[in-house]
Amino acid sequence: MDNTLLVSLSQQLASYRSMDVIANNIANINTPAYKRESVKFEEYVQQTKPAEGETGTQNISFVQDKGTARDLTQGAATHTGNQFDFAINGPGYFTIKTPDGDRYTRNGHFTLDSSGRIATEDGNTLQGDGGDVTITSDDGDIHVAKDGTITGAHGQLGQLKLVNFANEAALQKQGASLYSTDQQPTAVASPQIEQGNLEESNVQPVLEISHMLEVLRAYQTTANLTQTQEDLERSAIDKLGAAPN
Amino acid sequence: MRALSIASTGMMAQQTNVEVIANNLANMNTTGYKEQRAEFQDLLYQNVEQAGAQTSDSGTVLPTGIQLGAGVRTAAVSRIMTQGDLSSTSKPYDLAIQGSGYFHITMPDGTDAYTRAGNFGLSPEGQIVTDKGYTVAPGISVPSTALSVSVNAQGQVQATIPGQTAAQTLGQLELVRFPNEGGLAAQGDNLYTETTSSGSAQAGVPGSAGYGTIQQGYLETANVNPVEEITSLITAQRAYEMNSKVVTAADDMMQTTSHMGGS
């Protein structure tokens with residue numbers, strides 16, 4: 001009889017985690033190139049003894065959250081007019097050099113550091129085909145072509161490189177819009193970079209809010225089920241435990 | 001429950017966003033003002049189930065793991081250093097920079113500050129100063145007898161003096177550039193100061209390679225685009241609302257929990 005409670009519990013724990021994932025999606029609605037995530041549920045089946053008067057085995061299904069799936073679709077590009085904002089149109093990631101090794105990102109908001117290198121807001125440098133890309137103040141305004149070629153007032157300064165991975169979904173989020181992986185990066189054959197634009201997050205507000213309500217209602221329904229089960233047990237104890245007349 | 005704190009990071013981030021937008025709109029008519037933008041990044045992730053973990057002896061692995069995020073943070077409020085429009089004022093000491101560079105201002109305490117707001121005037125001693133009375137480096141004095149003062153594109157200040165046929169050169173204005181303009185610290189009063197992230201100031205003559213030119217009788221308007229700001233304001237407000245909905249939903253869930261097993 002406790003199985004009802006345990007099955008409900010498994011659903012409630014899963015709901016809590018879904019809610020956390022939805023909250024994170026909504027919190028990052030304005031984070032450039034943020035990719036929305038959703039929880040994947042799995043059925044966990046346990047065989048138990050048959051109930052009294054029945055034959056064969058009985059299966060009980062618990063719910064389990066087995067993973068978060070990342071939606072890798074591209075976010076819309078918004079025009080910012082900032083010369084160090086680069087949106088990637090199509091596949092690929094920028095390579096960022098951090099003290100902990102190479103990291104990858106699609107968040108194309110960059111700035112210059114004090115030595116004139118193109119860097120993220122945290123001061124980690126963006127890698128071009130020849131390492132760091134340094135812009136001196138003599139170079140004036142820079143122009144980045146679609147293929148990533150950076151040109152200043154005195155000619156070419158380098159080329160941005162985009163990389164991709166065999167299994168994009170397995171990249172680990174590190175926070176600060178960075179991903180890490182053990183996989184070997186491969187260069188993207190024909191990169192498409194849009195200067196002066198940023199890729200928005202691909203969070204769909206309507207989807208997230210309706211998903212959130214769905215999770216909330218499912219949680220409340222399960223809570224009601226638990227309540228009903230408890231009432232049932234209580235009345236069973238009352239009835240069976242009552243002294244015979 | 002994590003959803004509550006995650007949603008609160010979202011609300012705080014959007015609040016910063018609205019504050020930045022409000023400041024941009026408030027400075028729409030400030031000479032030489034450069035638009036600011038709040039930049040967001042996702043917070044750290046907790047690995048609940050590691051992607052790539054082995055799921056059997058034969059080497060099968062989990063294709064995706066579970067990573068739980070902790071919300072969002074404001075990574076920076078960056079400045080967009082695009083050129084503002086030039087508006088004509090016909091005043092001799094209104095100077096606009098067309099292109100890159102800053103005017104060099106010597107503060108009363110002797111420190112250096114930089115500005116793009118060229119609404120200058122004369123001090124009682126005849127020096128070219130800002131509207132606050134701070135000296136515009138290198139400190140050019142205009143004789144009181146001068147009939148007219150002209151500043152050419154290269155920053156040369158010349159005056160026509162009665163009884164002289166040729167214009168008299170009074171001095172040379174200089175412009176200053178930085179490796180990373182975005183790293184300058186705003187001090188209010190349209191002034192910026194150098195920081196470690198901006199790099200050190202590099203002085204040069206207006207019109208030389210990499211430096212802008214000077215337009216006399218013009219002022220650079222703010223580069224704030226009202227339509228863009230209002231659109232961002234709407235987006236920020238909606239995002240704030242949505243985060244507050246998450247707070248309500250998380251609260252409802254906890255309330256349901258606390259009522260479970262009651263009666």
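## Close-up views of a predicted two-chain model

View 1. Domain 1 of chain A is made of two stretches, 3–72 and 206–234, while domain 2 covers 77–199. The C-alpha centres of these two domains of chain A are 39 Å apart. As in every view here, the model is predicted. Its scores are ipTM 0.75 and pTM 0.82.

**View 2. Chain B is also divided into two domains.** Domain 1 of chain B takes in residues 2–81 and 224–258, and domain 2 of chain B takes in residues 86–220. Between the C-alpha centres of domain 1 and domain 2 of chain B the distance is 41 Å. Six residues from domain 1 of chain B and nine residues from domain 2 of chain B form the contact. The side of domain 1 of chain B that touches domain 2 of chain B holds one nonpolar, four polar and one charged residue. For chain B the mean pLDDT is 89, and 99% of its residues reach 70 or more.

**View 3. Chain A and chain B meet in a contact of 50 residues from chain A and 59 residues from chain B.** On the side of chain A that touches chain B, at least two residues come from each of α1 (3–27), β2 (58–70), β7 (111–112), β15 (172–175) and α2 (205–241) of chain A. The largest share of this side, ten residues, is supplied by α2(A). Sorted by class, the side of chain A that touches chain B has 21 nonpolar, 22 polar and seven charged residues.

**View 4. Helix α2(A) packs against helix α2 (residues 226–259) of chain B.** Two packed helices are described by the angle between their axes and the distance between the axes. Here the angle is about 5°, and the axes of α2(A) and α2(B) are 10 Å apart. Angles under 35 degrees count as roughly parallel, so α2(A) is roughly parallel to α2(B). From α2(A), the residues in the contact are A:Pro205, A:Ile209, A:Met212, A:Leu216, A:Tyr219, A:Gln220 and A:Ala223. They meet B:Met242, B:Lys245, B:Val246, B:Ala249, B:Asp252, B:Met253 and B:Thr256 in α2(B). The residues of this contact of α2(A) with α2(B) divide into ten nonpolar, two polar and two charged.

**View 5. B:Asp189 and B:Asn190 have positive phi values although neither is a glycine.** Phi is about 50° in B:Asp189 and near 65° in B:Asn190. B:Asp189 is placed in the loop between β16 (185–188) and β17 (191–193) of chain B, and B:Asn190 is in the loop between β16 and β17 of chain B too. B:Asp189 counts as partly exposed because it has 13 C-beta neighbours inside 10 Å. B:Asn190 counts as buried because it has 24 such neighbours inside 10 Å.

**View 6. A cis peptide bond joins B:Ala137 to B:Pro138.** Omega of this bond is near 5°. B:Pro138 lies in the loop between β11 (135–136) and β12 (148–151) of chain B.

Key: Residues numbered from 1 in each chain as written. Chains lettered and ligands numbered in written order. Predicted model: local features only at pLDDT ≥ 70, side-chain atom pairs only at ≥ 80, totals over all residues. pLDDT = per-residue confidence, 0-100. Helix = DSSP H or I, 4+ residues; strand = E, 2+ residues; numbered from the N terminus. Buried ≥ 20, exposed ≤ 12 C-beta atoms within 10 Å, placed from the backbone. Contact = placed C-beta atoms within 7 Å. Nonpolar A, V, L, I, M, F, W, Y, C, P; charged D, E, K, R; others polar. Axes fitted to C-alpha atoms, helices over the stretch in contact; angles between N-to-C directions. Parallel < 35°, antiparallel > 145°, perpendicular 65-115°, else oblique. Domains from an automatic or database assignment.
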